[in-house]
Amino acid sequence: MPDGSQNLPILFLDFDGTISERDAIDAMLEAFAAPEWLAVEEEWQAGRIGSRECLRAQMALVRAAPKEAGALLDSIKVDRGLAALLETCAAHRVPVHIVSDGFDYCIRRILAHAGPRLARALGDVRVFSSRLTWEGGRWHVEFPYFAEGCAHGCATCKPAVMRRLNRNGARTVFVGDGLSDRYAAESADLVFAKAKLADYCRARSIAHVFYEDLGKVAAYLEALLRADALDASASAQAVEA
Ligand SMILES: [Mg+2]
Ligand SMILES: [Zn+2]
């Protein structure tokens, strides 16, 4: 194993509900979709269909043009601790990637109105997500990061993206909030979890740090990185932040 200075950890962030305060897809569906979207959601929550199939079916029910969709997305706020978290990572040269089942269209739009400090902090952050485009009067979905051999039915296979971006076997840190993060949480060395992901981790005895906002994650990581103690923490059992 190379030492910590050569082998910096990599931070992976979920988007909806983790970076954004509200899930952008749920917001779009609640505002603009025919009510059948709820039945599709139930199928997904029960584990009978994967995220890819779920999103394809749900987005086909959305009746809104980009103008209305954009106005709704502009009302969605970003966790106020995001800039601090990205700055902490930049200061320690820790790469950050966003991995999301959600759509690039929504992610870009929501991040674009988050202000100049965040725009600077987002400089090198890459986004791995599903793709949404408006063409010929309707929405089209694509899944560029769905993985061959993914048995989960993911829209974006988070563990596959994480493996692909981590050829050198760096320690991985994952921050998430929902059920679509469960496979990522199972494959990361250090997990920050809230909401349904925290429930899932608790139920499965997956070690995790409970957090409420990204400012807390930033402070926790800062302390670990400064003490070069990520390895010790990653192998520790669940800690409540
Ligand atoms: Mg989420
Ligand atoms: Zn998968």
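## Magnesium site

In this predicted model, the magnesium ion (ligand 1) is coordinated at 2.1 to 2.2 Å by D14 (OD), D16 (O) and D177 (OD); donors are N, O and S atoms within 2.8 Å of the metal (3.2 Å for Na, K and Ca), and water is not among the atoms, so sites may look incomplete. Along the chain, the donors follow the spacing D-x1-D-x160-D. D16 lies in the loop between β1 (10-13) and α1 (24-32), and D177 in the loop between β5 (172-176) and α9 (182-187), so the pair ties together parts that are 161 residues apart in sequence. Helices (H or I, at least four residues) and strands (E, at least two) are DSSP runs, numbered from the N terminus.

D16 is buried, with a relative accessible area of 9%, and D177 is also buried, at 16%. Buried means under 20% relative accessible area, exposed over 50%, and partly exposed in between (1.4 Å probe, protein chains only).

## Residue R117

R117 lies in helix α7 (residues 116-121) and is partly exposed, with a relative accessible area of 42%. Leaving aside neighbours within four places in sequence, R117 is in contact (heavy atoms within 4.5 Å) with A83, A84 and E87. R117 and E87 are 30 residues apart in sequence and 9.7 Å apart in space, C-alpha to C-alpha.

## Basis of the description

Residues are numbered from 1 along each chain as its sequence is written, while chains are lettered from A and ligands numbered from 1 in the order in which they are written. Local features need pLDDT of at least 70, side-chain atom pairs count only at pLDDT 80 or more, and totals for chains, interfaces and linings use all residues, while side-chain values use heavy atoms, with hydrogens and water left out.
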